[in-house]
Structure formats: structure tokens, C-alpha cells
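Student: I've got a model open and want to talk through how it is put together. Can we go over it piece by piece?

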Amino acid sequence: MKRLTNPFRPRLRWGGERSATQGWVLLTIFAVLFLGAMSALLCRTHAASSQHESLALEQFRWDTANLAANLEYFFQERRSDMQNLAGSRPVESYFENVALGMSPRYGLLASIQEIEASFRKYLGEKVLAQKPIFECITLRDEAGTNVVRLEQGGMAAAANHNALALSDMEADNDGLLWKIVDEGSGNVGLVITHPVIFHGKREGSVSARMSLETLFSALVRDQVGGKQREYC
């Protein structure tokens, strides 16, 4: 008896293989499109990240340059203050009276009172972010004795008041001496000293102490605390 065959079986097999091939092609196209889309997304993300980093770096450069300019202007103003204090008429008058041999009780006392008034004015008028710039202003003679020492608040210290213990951090800039002082209680300051020249001879110096905490919080916008020494 002759075996019957199904004429549709090869066509069904051929159709199934064709469907499988088309499926792989579609899957491959989808994979390529997916990888392409992911690559494009990664490229865009990387480009955006690079642009953000570039903008952040440019902003950092701008902020740093602006901070440097502010600090430069601030210290130029302090140099001018010290020049004005050291060359003021009350200070000049005091050393004139010393040269004339006047006694501390009479001629020198009037000069000292004028110097105290001048220092008191600087202590009250020089402010930064509504805080006093100077904590203390001192006039010393060439022997190192305090002639006038006025603290913030107008209190005058004794003439033989001991100077602050200075650290080894100091710099001499064109006759102006800058020193970092640490009293050991967390109060770190910057002392600026300007010589007093009378008739071409150095007769003493004027020193002013500033709080680094006030300086950093106002200009650097940072409360450095114990890191003030490293900042300096």
C-alpha cells in the first residue's frame, strides 16, 4: 500500500526556518539600535559631565581670582593704615618732645593722650563685615618699651605691657613686618609692624593686631578654626 505524504510539510518547515531567521535579524537590529542608543546616551552624558566640570573649574578660577583681588586690596588698605599711624602728627609730636627732653608727666603726657585718641579712632572706624579689623594698636620706642597700647574697647594697657609671644611665621615686606601670633588659647592673629622714622632715624614702631577669624569669615567665607596657621 502506497504511503501518503503531506505536501504541505516542507512548506511549513521552510516557513518556520524563515520565521526564525527573520526573528534573529530583527533581534540583531534591535540590539544594534539599543547599543547605538545607549552609546549616544553615554556620549551625551559624558559631554554634559565634561561641560559641567569645565564650568565648575572656570567658576573656581574666577572665584579664586576674585578672592585674591579682595585680599590684595584689603592688605593694601592695611599697609596704608600703618603708614598713616606711624606718620601721624601725634606720633611725630611725641618723638619731637622726647628729643627736646620733655618729662613724661608734662609734655609727653599730652602727646600720649593725642596718640591714644588717634588709635581709638582707628579701632572704632576700621571694620570688616561689621566687625573690628584691629584688636590692638601699640606704639613702642626703639628700646621695645610700650609707649601706648590700646585694646579694642578703648582700654589702655600699661606702658610696660609685655609683647605677645610671636611664632616663627613672619615676613618682611618692604619694611613692613607681618607676623602670625598664637596666644595658645585658640586666638590666632596677624600682627603688622611699621617703623617710626623721625629725622631720618628709626625711633620706634607701630604695631596692629588683627583677628584671623574675622578676616577669614568675612573674605574667605570660611571658619577655619584650628587650621588658621595652615591657611596663613
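**Salt bridges and a helix face**

Tutor: Let's start with a pair: the side chains of Lys 126 and Asp 81 meet in a salt bridge, at 3.2 Å from N to O. A salt bridge here is a side-chain nitrogen of Lys or Arg within 4 Å of a carboxyl oxygen of Asp or Glu. Bear in mind that this is a predicted model, where local features need pLDDT of at least 70, side-chain atom pairs count only at pLDDT 80 or more, and totals for chains, interfaces and linings use all residues. Residues are numbered from 1 along each chain as its sequence is written, and side-chain values use heavy atoms, with hydrogens and water left out.

Student: How many residues apart in sequence are the parts that Lys 126 and Asp 81 tie together?

Tutor: Lys 126 sits in the loop between H3 and strand S1 (127-128), while Asp 81 belongs to helix H1. Helices (H or I, at least four residues) and strands (E, at least two) are DSSP runs, numbered from the N terminus. So the pair ties together parts that are apart in sequence by 45 residues.

Student: Is Asp 81 buried or exposed?

Tutor: Buried means under 20% relative accessible area, exposed over 50%, and partly exposed in between (1.4 Å probe, protein chains only). Asp 81 has 2% relative accessibility, so it counts as buried.

Student: Which residues are joined with Glu 135 into one salt-bridge network?

Tutor: The side chains of Glu 135 and Arg 209 meet at 2.9 Å, N to O. Glu 135 is in strand S3 (residues 134-141) and Arg 209 in strand S8 (residues 201-211), 74 residues apart. Glu 151 and Arg 149 form another salt bridge, at 3.3 Å. Salt bridges that share partners join Glu 135 into one network with Arg 149, Glu 151 and Arg 209.
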